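Biologist: I've got the sequence and the model open side by side. Could you walk me through what to look at?

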Amino acid sequence: MPYGYTGNILHVNLTNKKYWIENPPESFYRTYWGGRAIGLYYMLKQMRSKTDPLSPGNLLIFAPSVITGTPAPAIPRYTVCAKSPLTEAQGEAEAGGWWGPELKKAGFDAIVIKGSSTTPVYLWIKDGRVEIKDATHLWGKDTGTAQEIIRKELADDKIRIAQIGRAGENLVRFANIVNELKHFNGRNGLGAVMGSKKLKAVAVRGTKPLKIYNQEKIKEITKQISQRIMDNPLSRDLQELGTPAVIRPFYEAGCLPSYNWTTGYFEEGENLTAETLNKTILKKTVGCYACPIRCKRVAEVNESDIKVDPRYGGPEYETITSLGSICGISDLKYIAKANELCNKYTMDTISTGMTIAFAMQCYQVGLLTKQDTGGIEITFGNKEAMLKMVEKIAHREFGLGALLAHGSYIAAQRIGKGATNFIHQVKGQEIPMHDPRVKTGVGLQYALADYGADHMKAPHDPFFKDQDSVGIKEMKGLGILEPVSPTDLSKKKVALFKLMDIYWSLFDLLGVCDFGYVPRSVGTMDELLEIIRSATGWRTSWLELMKVGERSINMARIFNYREGFTPKDDTLPEVFFNNFQGGPLDGQGAINKKDFKKALKLRYELMSWDADTGIPTPAKLIELGLDWLIKELK
Ligand code: SF4
């Protein structure tokens with residue numbers, strides 16, 4: 001068994017309640033490494049194409065990585081993979097927190113779950129022992145209550161629990177999975193897959209230390225990085241202001257997504273800033289396993305008309321915008337309340353906010369009426385209505401709640417009458433809160449992301465904007481030598497984001513937090529490589545690692561091709577091909593559609609995919625050791 005791994009992959013069949021343990025050879029680990037690559041390996045090998053995502057045939061895979069669970073900073077993440085009920089494409093979401101490291105200590109490198117139980121169950125894994133336990137008494141319970149009950153009945157308050165709330169149980173298509181009540185596998189509706197399998201939770205506890213090749217070296221690097229964290233403005237800002245730090249520059253520049261993307265100008269932006277949050281609702285900051293940055297916000301509100309429970313954390317940038325300015329709402333207390341509800345019921349806050357904003361715009365133009373909304377005035381800025389809609393969606397209440405639980409894409413098709421003009425999505429997933437008109441590389445990634453628009457598919461353009469940018473100063477080892485303007489869509493930008501897609505996919509499959517290492521923070525590429533070498537004992541290189549990232553992208557591409565996705569699905573919402581309306585950027589910014597199409601085509605070519613069909617070539621698959629996938633091209 002290679003260092004860094006446990007050598008065990010747990011397979012569970014929830015239909016017959018049986019499980020078995022696979023011990024893959026070292027060559028398997030050195031090819032797929034962890035996270036999304038391991039998930040995709042099983043999805044491509046064991047899942048039939050066109051499987052209904054909510055049927056027993058879908059697989060649900062939990063996979064940390066070889067360096068998850070080491071003492072190295074900012075590497076707490078693990079991936080959940082399944083076919084997504086929101087996009088019907090490859091589904092994937094990474095979460096930080098504590099669950100991934102605990103699974104490794106409990107003796108497993110991954111869990112592959114298939115089948116469905118007829119009654120609610122939860123998995124209990126401790127130090128290599130596995131039990132499928134009854135969860136009837138937990139079904140319908142909020143995540144906070146369920147966590148308390150599980151820890152009490154297993155008599156251990158250090159158990160780490162990944163679980164779903166009511167939205168997952170009710171198969172809301174953008175339900176997510178949470179660990180420790182505030183760390184999310186957010187996008188793609190993977191919580192609904194868990195709900196369809198009647199799997200309420202996976203509780204893990206491990207007391208065995210990981211076998212690491214050179215623990216002392218990792219400790220030495222950890223010390224070096226930790227010392228720099230307090231002095232470096234990038235990590236200090238993350239600690240002091242968290243992700244909401246970007247609200248001020250965005251609203252001042254006029255690119256804060258607002259009113260369902262009809263404008264980037266939000267007059268009341270000051271009410272949403274990180275500084276306002278710190279002054280009003282911030283209780284404390286917390287972090288993830290072995291991470292000294294502690295960037296996560298915890299909010300508390302204790303007023304007569306509104307209370308926010310700090311157990312469920314606090315709103316990040318994406319949440320403040322999607323449940324705030326996108327819905328025309330500027331009251332942080334209500335946004336924090338909506339965040340608490342989404343967390344308690346396990347719903348992705350981006351898709352929730354975007355779906356409610358879509359309904360608000362439909363209501364504004366008369367496509368939805370009071371009769372449809374059960375008497376609620378769902379107008380932009382109506383914060384009480386927003387909270388009511390969150391409840392209705394999570395409980396899939398008959399009428400509008402049940403309709404919006406499908407997400408904005410399906411809801412718009414069902415409403416008809418031009419409602420599709422008010423959705424903003426890629427591959428059926430609502431777009432996140434970063435405007436591609438000011439970050440064209442992010443736009444390319446939205447269009448190309450295997451699992452639908454996502455802002456975590458590459459570092460963002462400003463990290464490469466001038467000679468002083470971290471991406472330019474610290475990433476020369478990848479051949480990144482010259483800056484590119486954030487709004488540029490030249491060949492240079494396309495080539496840069498091809499590299500960044502691969503680099504970020506590697507982060508995802510290694511469980512590395514994007515906020516821990518360059519270009520987003522202080523850990524260097526050399527330090528990360530040394531952490532990997534010290535964990536595994538493998539004399540690996542960036543050449544080998546970048547191939548691993550590229551392998552995972554090609555596996556995802558083949559999975560989606562099998563499901564019927566084509567270049568038509570690699571696109572951006574129409575709004576970004578138009579100029580900004582209102583505010584400092586009024587009348588500017590439209591992305592040129594022809595240029596964007598040319599950029600996509602070049603990107604296919606740079607990936608060695610067919611320039612017209614976007615399908616990986618057999619030669620590329622052979623180069624990546626994926627020749628077993630060539631048969632899927634027919
Ligand atoms: S930087 Fe923040 S999100 Fe990333 S591991 Fe540290 S605490 Fe978690």
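Biologist: How many bridges join strand 7 to strand 12?
Modeller: Strand 7 (residues 121–126) and strand 12 run parallel; strands here are DSSP runs (E, at least two residues), helices are H or I runs of at least four, and both are numbered from the N terminus. Two strands pair if DSSP finds at least two bridges between them. Leucine 123 sits opposite valine 202 of strand 12, and the bridges joining strand 7 to strand 12 number six.

This is a predicted model, where local features need pLDDT of at least 70, side-chain atom pairs count only at pLDDT 80 or more, and totals for chains, interfaces and linings use all residues. Residues are numbered from 1 along each chain as its sequence is written, and side-chain values use heavy atoms, leaving out hydrogens and water.

Biologist: Which residue in strand 12 is the bridge partner of isoleucine 161?
Modeller: Strand 9 (residues 160–163) joins strand 12 through four bridges, running antiparallel. In strand 12, isoleucine 161 has as its bridge partner alanine 203.

Biologist: How many residues of strand 12 are buried?
Modeller: Buried means under 20% relative accessible area, with exposed over 50% and partly exposed in between (1.4 Å probe, protein chains only). Strand 12 (residues 199–205) is largely enclosed by the rest of the structure, because the buried count is seven of the seven.

Biologist: Which strands stand at the edges of the six-stranded sheet?
Modeller: That open sheet has mixed pairing and the order 2-1-6-3-4-5. Each edge strand has a single partner strand, so one side is left without a neighbour in the sheet; the two are strand 2 (18–22) and strand 5 (90–95).

Biologist: What classes of residue make up the shell around the ligand?
Modeller: Surrounding the ligand (a heavy atom within 4 Å) are residues including Cys288, Cys291, Arg294 and Cys295. Ala, Val, Leu, Ile, Met, Phe, Trp, Tyr, Cys and Pro count as nonpolar, Asp, Glu, Lys and Arg as charged, and the others, Gly among them, as polar. By class, the shell comes to eight nonpolar, one polar and one charged.
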